[in-house]
Amino acid sequence: MKTYLIAISQLLMLFLCGCTAYHPADLETTEQPSIYPHYADVTFPCNIAPPNFIIRTEGEQFQTEFGLQGEAASFWVGSSDSIVKIPMKKWKQLTEKAAGKTVYFRISIRKGDQWVRYADITNRVSEHAIDPYLTYRLLYPGYELWNEMGIYQRELSSYKEEAVATNRKFGHQCVNCHSYNQYHPDEMMLHIRGPKGGTLIVRDGKVEKVHPKAPGFKYGPTYPAWHPSGKYIFFATNEIQQFFHSSGTKPIEVSDLGADLMAYDLTQQTAYTDSLVYGDAYMETFPTCAPNGSDIYFCRAKGYRKGMALDSIRYDLCRIRFDAETHRFSDLQCVYPASSLQKSVSFPRVSPDGRYLLFVQSDYGNFSIWHPESDICLLDTATGTVRCLSEVNSGDVDSYPTWSSSGQWIVFSSKRMDGLWARPYIARFNPETGETGKPFVLPQENPDFYDYCTYTFNRPELILSPIKNGKALEKAAAQ
């Protein structure tokens, strides 16, 4: 009876796959096969695109079964090469069935006249979806070719990528710091730097170029954070300098020579600041706004002095209150004194519920994308405890962390593959425990994509719907 059921199951898979014959295993091994990317022991969102991969264990033919743990395979993919492309429709059907459960990749490889079945590779499928779109800036690493870059959006349930705004359409000016109000692209901003530079603001269905630098401010706006009301954007106003080294592991160093904070009123086009976050004594940068709209977290270091060694500049994580009615700043506090630990903080981001805060920690400075020692850390705002996310970090740059709108996922950039190009990684986050799962690189239709892509993925940001006014952004940038 059991043999009969297995035969029926195999015939059914043959019918479903509509390709070469299914091959039962001649031998089995407890060894797991090597695959790239390493989609093993990770948790996938239920709406992620198929995680195509390459089998790197040698053989003449390859066969991969996909199914729910404890059940017969739902479908299989066979080929004479080692590339496994998972059918979109069948993957979707499997993940819908497997939400909250474990799926397996069961790989068999023909070696000579025998088919060897390897130990199952298992992954979990979460019942929690991730926001449907991921946006990022694509550019060449090192900024040698900064005049060719753009903002792109990727549909995460498929492989569809679309250019939102590329700088070839507006004089090859620098485009950066895309930001959204609560994950909604109908309220967003984008910086343009160059002869026709400015800040593009999207509100009420319109795109407007503004120049938020107020009279009396030393520096122009740089790093943004939206107030949840949509009435304000908090900016760091920075004087930034790039330093190029002829040798060493850090070819480029980016440092502030001065930085302050301000709140920009979008309706009145007026900027507000306070001596608490303005002046030469300290440098304030990378603001991020808590969901309550009053807690503003940011990074703060002692002010730069001529001749100061760059590796002596270290930033603490601070918080200040903002009153949206009176435009007043108050109650400045240091919530994590990283400098006292000979460390430095950058890129803080508050979770959607305000409970947690992700940030990047490195040895010094605040532009951690050139620091191989950079790690992503987590602050519990309720207890004040901080821990580095060992389950997420690698031996190379991990940076630019951000949250999904549900707080169930984090996305970040990592150079762990080769130390040069940053790629987007996704990891499950448990808001109840503060624990994260093993991260996985964003799936691509061609699994060897990251071997030949020469662009780096910069500042990944999740959004709830696609950006539809890319042409209007490019037109406004060119004016």
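Contact here means heavy atoms within 4.5 Å. The structure described in this report is a predicted model.

The largest nonpolar core comprises 58 residues. The members that touch the most other members are Tyr39, Phe44, Phe53, Phe66, Phe105, Trp403 and Ile426. As a general matter, nonpolar side chains tend to be buried together in soluble globular proteins.

## A three-stranded open sheet

Strands β2, β4 and β7 form an open sheet in that order, with antiparallel pairing. β2 (35–36) and β7 (83–84) are the edge strands; each has a single partner strand, so one side of each is left without a neighbour in the sheet.

Strand β4 covers residues 53–55 and is joined to β7 by two bridges, the two strands running antiparallel. Within this pairing, phenylalanine 53 has valine 84 of β7 as its bridge partner. Phe53 is also among the residues that touch the most other members of the largest nonpolar core.

β14 pairs with strand β15 (residues 184–193) in the antiparallel sense over six bridges. Cysteine 174 stands opposite arginine 193 in β15. Two residues lie between the strands of this hairpin, and glutamine 182 takes a positive phi near 55° there.

β15 pairs in turn with β16, again in the antiparallel sense, over five bridges. Methionine 189 has isoleucine 201 in β16 as its bridge partner. The hairpin of β15 and β16 has four residues between the strands, and in it glycine 194 takes a positive phi near 145°.

Strand β16 (residues 198–203) is also joined to strand β17 (residues 206–210) by five bridges, and these strands run antiparallel. In the hairpin of β16 and β17, with two residues between the strands, aspartate 204 has a positive phi near 55°.

## The second largest pocket

The second largest pocket has a volume of about 600 Å³. It is lined by 31 residues, of which Tyr180, Thr288, Cys289, Arg349 and Val350 are the closest to its centre. The lining divides into 21 nonpolar, seven polar and three charged residues.

At least two residues each come from β14 (174–181), β18 (221–226), β22 (282–289), β26 (344–350), β30 (398–403) and β35 (456–463). β14, which supplies part of the lining, is the strand that pairs with β15.

## Proline 348

Proline 348 is found in strand β26, a strand that supplies at least two residues of the pocket lining. Proline 348 counts as buried because its relative accessibility is 2%, and buried means under 20%.

Leaving aside neighbours within four places in sequence, proline 348 is in contact with Phe286, Thr288, Cys299, Leu317, Leu357, Leu358 and Phe359. One of these, Thr288, is also among the lining residues closest to the centre of the second largest pocket. Arginine 305 is 43 residues from proline 348 along the chain, and the C-alpha atoms of the two are separated by 25 Å.

Terms used
Residues are numbered from 1 along each chain as its sequence is written. This is a predicted model: local features need pLDDT of at least 70, side-chain atom pairs count only at pLDDT 80 or more; totals for chains, interfaces and linings use all residues. Side-chain values use heavy atoms; hydrogens and water are left out. A nonpolar core is a set of buried Ala, Val, Leu, Ile, Met, Phe, Trp, Tyr and Cys residues joined through side-chain atoms within 4.5 Å. Buried means under 20% relative accessible area, exposed over 50%, partly exposed in between (1.4 Å probe, protein chains only). On a 1 Å grid over the protein atoms alone, a cavity is a set of points where a 1.4 Å probe fits but cannot get out, and a pocket is an open set with protein on both sides within 12 Å along at least five of seven lines; lining residues have an atom within 4 Å of a point. Grid points are joined across faces, edges and corners, and a volume is the space filled by probe spheres set on the points. Ala, Val, Leu, Ile, Met, Phe, Trp, Tyr, Cys and Pro count as nonpolar, Asp, Glu, Lys and Arg as charged, and the others, Gly among them, as polar. Two strands pair if DSSP finds at least two bridges between them.
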